[in-house]
Amino acid sequence: MNPPPPLPPDDPGIKLRPHTYDGIQEFDQRLPNWWLYTLYGTIAFSIVYWFAYMTASVMPTDQAQVDAEMAKLAAIRLASSIDVTNDALFWDLSRNPVFVDAGKQTFNSLCVACHLASLKGKGENPAAVGPNLVDQAWIHGGTPKEIYATVSKGVLVKGMPAWEPVLGQKKSAEVVAFVLSHHQKGEPITIEVPK
Amino acid sequence: MTTGQKTIIEFNDKIVRQFMLAAIIWGAVGMLVGVLIATQLNFWQANFGQAWLSFGRLRPLHTNAVIFAFVGNMMFAGVYYSTQRLAKARLASDFLSSLHFWGWQLIIVAAAVTLPLGLTRGKEYAELIWPINIAVAAIWVVFAVNFFWTLAKRNEKSLYVALWFYIATIITVAMLYIVNHLSLPTSLTHSYPVFGGVQDALVQWWYGHNAVAFFLTTPILGIMYYFLPKAAGRPVYSYRLSVIHFWSLVFLYIWAGPHHLLNTALPNWLQLLAMTFSLMLWAPSWGGMLNGLLTLRGAWGKLRTDPVIKFFAAGVTFYGMATFEGPLLSIKSVNALAHYTDWIIGHVHAGALGWNGFMAAGMFYWLVPRLWNKPLYSQSLANLHFWLGTFGILLYVAAMWASGITQGLMLNATTEGGTILKYPNFLETLNSIRPLMLLRVVGGGLYLTGFLIMAYNVWRSVRGAQAVNGTIEVYVEPREPAEKLSLAGAFLNAPVIFSSLGFLAACIWLFTTGWLNIIGLVGTAFCVLLAIGHFQTRGTAWGEWYDKLLLNALPFTVLTFLSVAVGGLIQIIPMLTIERRLQTEDRVAQVYTPLELAGRDLYVREGCYTCHSQMIRTLVPDVMRYGDYSRLGESIWDHPFQWGSKRNGPDLARVGGKYNDAWHFDHMLDPRAISTGSNMPAYTWLHKSNTDYASLSAKIRVQRTLGVPFPNWSPADIDRIAHDQAKQIAKELREQGRYTDPDKEIVALISYLQTLGKKWEPAGATP
């Protein structure tokens, strides 16, 4: 079986190499220019990049960058923070449909797993993890500021996670407003000690 | 030229047939496991409630089977077939060949038994336990001896480019495998790696990345250089390109390993080296693709008719795609989005299915008629295999791109002026990619179907066929002394001297400051200019030297070894020699209690690291989601490190204290009871099996030997402390309404999970 005659290489000056290996022949083509430029380009970029980060240190380190950005975010949060100890403010929020609806959304995505969609938790299903949020018995305090503290800092021993680091202050306050929308200002609060 | 003695050599093709058939069988098994675990990501019930079928245990089996059983056996078949013909010599030893084959199959069987049992070292693609590690190293040495002995007996004096790649493969894999598997046993089936924390991470990814390079890439490139021009009947496109891309590839590849650790706590200089060397690797990788595709010029007509050419052309194209994607993913900002997501899974499957799988198929279809002297049973079935396979991979890869980018963007999305995460619940991001994960199962299933069709086709072809061994007539010529390269000749010549001096100067530039730095930079430039000048004027001498080097296998091997070894040495040695306590950033971990250590070993046994990372990167979305970024010192005593490489679930670096013990108790029993929509397996067996207290004293003794500052407890102390802590946790669980025997594994695991992110003190607080 004779192989077909080799095609002429790109450059007519290029010959087949004299040696064959088990019938395999090799051209000796020049390296394509675009390939060479890619190689040189990546080398040049690497040198510049290394120089910028390691020699000249004009770029901040990853750690410094994150720290700076987190500080910036903390500043934004502080600037727009509300007084979370003001019970009257929470009652106002709980009568505002925009706040309550937003809180309901968050509640439905994160809180229902333990407190159920009815908010009744153990009150509806004894196997549920979270307590009832619509009755007047509270375990960790039933005033708005106490409820906010429970939501934001959690009660780790009981399995309630701290939500403020995840949700931020606004969304946490919305959730509290949603819960309070099921209650009336001035209704009796009993402190329940769980069995 | 025909002065020598004429003899006829019969090749040992039996070993090629054996390895080929083994590759097909194990390939099918490995891919089947892949389809199963991909299914489990959508349908958690698909593990049938069995510990040994759970994702964390089968994922290592899948990766090990595809890499070492499928590609391994396929590579040995290709290497043994082509080496005999390129060396014009029969394999040196039939005994070693058989030992190699049966030893390797035994190792695979051992892996297939131990991994589902949860016997693991907890490091990716290095999970096999230490007795099997020793067997792998020994069989690899058998392979090496058989190969180099054959080269020593060769009748074709000059080494063809395929053999260069085989040489690089054999020596590099040996080096990587041995270093990354250094362990101290605590029992017959358990050991701890000698490296811990960041050192272990660095060594692991030096190995992991270069297993891809030197197990899945270089041997297959060698196979391409032999089988592709053979099948096409065309000369190789460019010898010059072979030389340049071979040496640049083997030199550069090693340095890129830490790109698996970008944006982590890994020191910045290593991240920079990894990223830049990955970028520089792009052109050398594409050199291999060019030499493959351009060799097909003039043979494109065969693309329509010959399945072999179809598979080779597509395989090389996928290689080009994957090696473009690799550097892209190594750019730190791209990596910030893509790392830990399905994009990486898509990337590796473009390589494994597209490049390895298709090159294997092309080679098998080419070999079958030649090894059994009978035409392939069905060309149509081979074509069907090709189209099913191609469609399957494209579906797989496209689904994974979409999935990875979607989840990456969702995880990074913020709202309210960037102050909070838009999707704080990880499960929201997981559930949005479920349809794409399902498409992946379909794509993988199609690919597997094609592969099974190939298996059937091969079986029908070889059934009842007469196996034939190739023969060749050679003139055995005495070696001429002029061909011999002395040691000095190998090293004292322009290309090697310029490369070495240039490299030395570049290192001075990289790792010094002040005047030395400038001297290094100027020196590097000077060496490059000098080399260019010398090449322009004396280029033919360079070529003549290289032709001569190709006649001398030993100097060639030594130079290859030096090229691959140097990158690892420069990256790893500084990290190993610097005192561990100085590599802590501002925090240093406290040692685990005995019970926590037992829990950690359970975490490793169940393969939790296959879905959960323990590394909060220096990225704002990571910090917002998981807490303060991880410091080196926090994992400094971890043998093995568990930073992870994929987040099918959330990061766990700071999960300790986030939930109460009852949460973990319930969650491990039935994850969906707490996390609606979770795809995590239910680990019911942890609530039934007893914690292995008895092994703790041996484990702690070994960890002390490795430098972990455990107190000098007696075995009785260890037992007492562990039991006391278990009782304490069981008591807390009881207070939370969960009743368990303190000796159950779940208690130990909870003790470990609750320490994550908690056990550190400011660095320098204690000696």
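Mentor: Start with a pair of helices: helix 3 of chain B passes helix 4 of chain B in a left-handed crossing. A crossing is left-handed if the near helix is turned anticlockwise from the far one by less than a right angle, and right-handed if clockwise. Helices (H or I, at least four residues) are DSSP runs, numbered from the N terminus. The model is predicted: local features need pLDDT of at least 70 and side-chain atom pairs count only at pLDDT 80 or more, while totals for chains, interfaces and linings use all residues. Residues are numbered from 1 along each chain as its sequence is written, and chains are lettered from A in the order in which they are written.

Trainee: At what angle do helix 3 and helix 4 of chain B pack?

Mentor: Axes are lines fitted to C-alpha atoms, for helices over the stretch in contact, and angles run from 0 to 180 degrees between N-to-C directions. Here the angle is about 155°, and the axes are 9 Å apart. Angles over 145 degrees count as roughly antiparallel, so helix 3 and helix 4 of chain B are roughly antiparallel to each other.

Trainee: Which residues make the contact between helix 3 and helix 4 of chain B?

Mentor: Two residues are in contact if their C-beta atoms, placed from the backbone, lie within 7 Å. Helix 3 of chain B contributes residues including G103(B) and W104(B), and helix 4 of chain B residues including A135(B) and I139(B). The contact residues divide into 13 nonpolar, 5 polar and no charged. Ala, Val, Leu, Ile, Met, Phe, Trp, Tyr, Cys and Pro count as nonpolar, Asp, Glu, Lys and Arg as charged, and the others, Gly among them, as polar.

Trainee: How many residues does each chain give to the contact between chains A and B?

Mentor: Chain A gives 51 residues and chain B gives 54. Helix 1 of chain A gives the most to the side of chain A that touches chain B, with 12 residues. By class, that side of chain A has 29 nonpolar, 12 polar and 10 charged residues.

Notes. Helices (H or I, at least four residues) and strands (E, at least two) are DSSP runs, numbered from the N terminus. Angles under 35 degrees count as roughly parallel, over 145 as roughly antiparallel, 65 to 115 as roughly perpendicular and the rest as oblique.
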